[in-house]
Amino acid sequence: MTTGLFSAQSTAPASAPTRRRAQIFAHRGASGAFAEHTRAAYLHALAEGADGLEIDVHLTKDGQVVCFHDETLDRTTDARGLVAERTLAELRRLDVCSWKTSAIPAEYGGLRSQLMTLGDTLELLLTAGRSVRLAIELKHPSPFGHQLEDHVLRTLLSYGWDPETSRIGVKEGQAVEVSFMSFHPGSLMHLADLVPAEKLCALFAPVTSEDVGARAGRTPLGTAFRPLISAVMRGAVKDAEALVWNRQVGIAGPGMSFVRAHRAEAKAWIARGAHLRVWTVDEPEDAQLLLSLGVQELTTNFPGRMVNEVSTQASFS
């Protein structure tokens, strides 16, 4: 599998040296081309030159860390129900690709090898042949509470993760550099005693009525809880911003719509030494706006497109 990936890269035409004005994270892998969070999406992102992968994680019924965005299986598999109510073995038997495409190149594995755990992802990155960054989003609320964070840390430590540097496998210039993200400030604070602040990313986006409605629809009393849910969600955004302003985290993770509406805040955070990791950036004009503001990291569904957008020919004097 790896051979196919590297041979595809080696056949690319030679070009003048380039530099990147921002780092590119592949959002759930190259999810514009292949089903999100699959082996194919991750390998394709690396083949297109992404600097890192952005992944979402949940816990399975048997305590395994699985790469999955939704709390339910409904949207991206041929099954229904909660991820947390299935074992890893049960999830491995599901079709996680066909909703997007079942045409998977042979070098990206078969249909039944596409579901990824955190361990699977680390093994893939550690054999990438270059240093790669991994941004892990901890999905909350989780029925397992902070066991999610604890299992993620336990998995990372089993692969040799160094808490001081937040790196794995420093060898011959190759490493996996890990950062942690969440929309829930409590998740980041749970990690803060072990993880350096500069490796913690507070995610936030404007709270819309659609967001509130979706969350309310997952509660037993539905719309009766809308005002409370709205207040909690808006409070979480303010708390996340406070983490950045107070320098309790080193990375601000606003959505693209948030940056458009809050350009001054974005520039102020950068001026204060924070990194900005903006999602989800798929359009050239959005990338150029972010570059003009000095944003350092872009998360995108189309890593190849964005690598080209942020790359310029290196100048020599």
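**A closer look at α2**

Helix α2 (residues 39–47) has eight of its nine residues buried, so the rest of the structure largely encloses it. Buried here means under 20% relative accessible area, with exposed over 50% and partly exposed in between (1.4 Å probe, protein chains only). Helices are DSSP runs of H or I, at least four residues long, numbered from the N terminus. Before going on: this is a predicted model, so local features need pLDDT of at least 70 and side-chain atom pairs count only at pLDDT 80 or more, while totals for chains, interfaces and linings use all residues. Residues are numbered from 1 along each chain as its sequence is written, and side-chain values use heavy atoms, leaving out hydrogens and water.

The buried residues of α2 are Arg39, Ala40, Ala41, Tyr42, Leu43, His44, Ala45 and Leu46. After α2 comes Gly49, with a positive phi near 90°.

Arg39 also turns up in the surroundings of Asp120: setting aside neighbours within four places in sequence, Asp120 is in contact (heavy atoms within 4.5 Å) with Arg39, Arg92 and Leu115. Asp120 belongs to helix α4 (residues 118–126), and it counts as buried because its relative accessibility is 15%.

Now for another pair, α11 (residues 284–293) and α12 (residues 303–310): the crossing of these helices is right-handed, meaning that the near helix is turned clockwise from the far one by less than a right angle. Their contact involves Pro284, Ala287, Gln288 and Leu291 of α11 and Met306, Glu309 and Val310 of α12.

Methods. Helix = DSSP H or I, 4+ residues; strand = E, 2+ residues; numbered from the N terminus.
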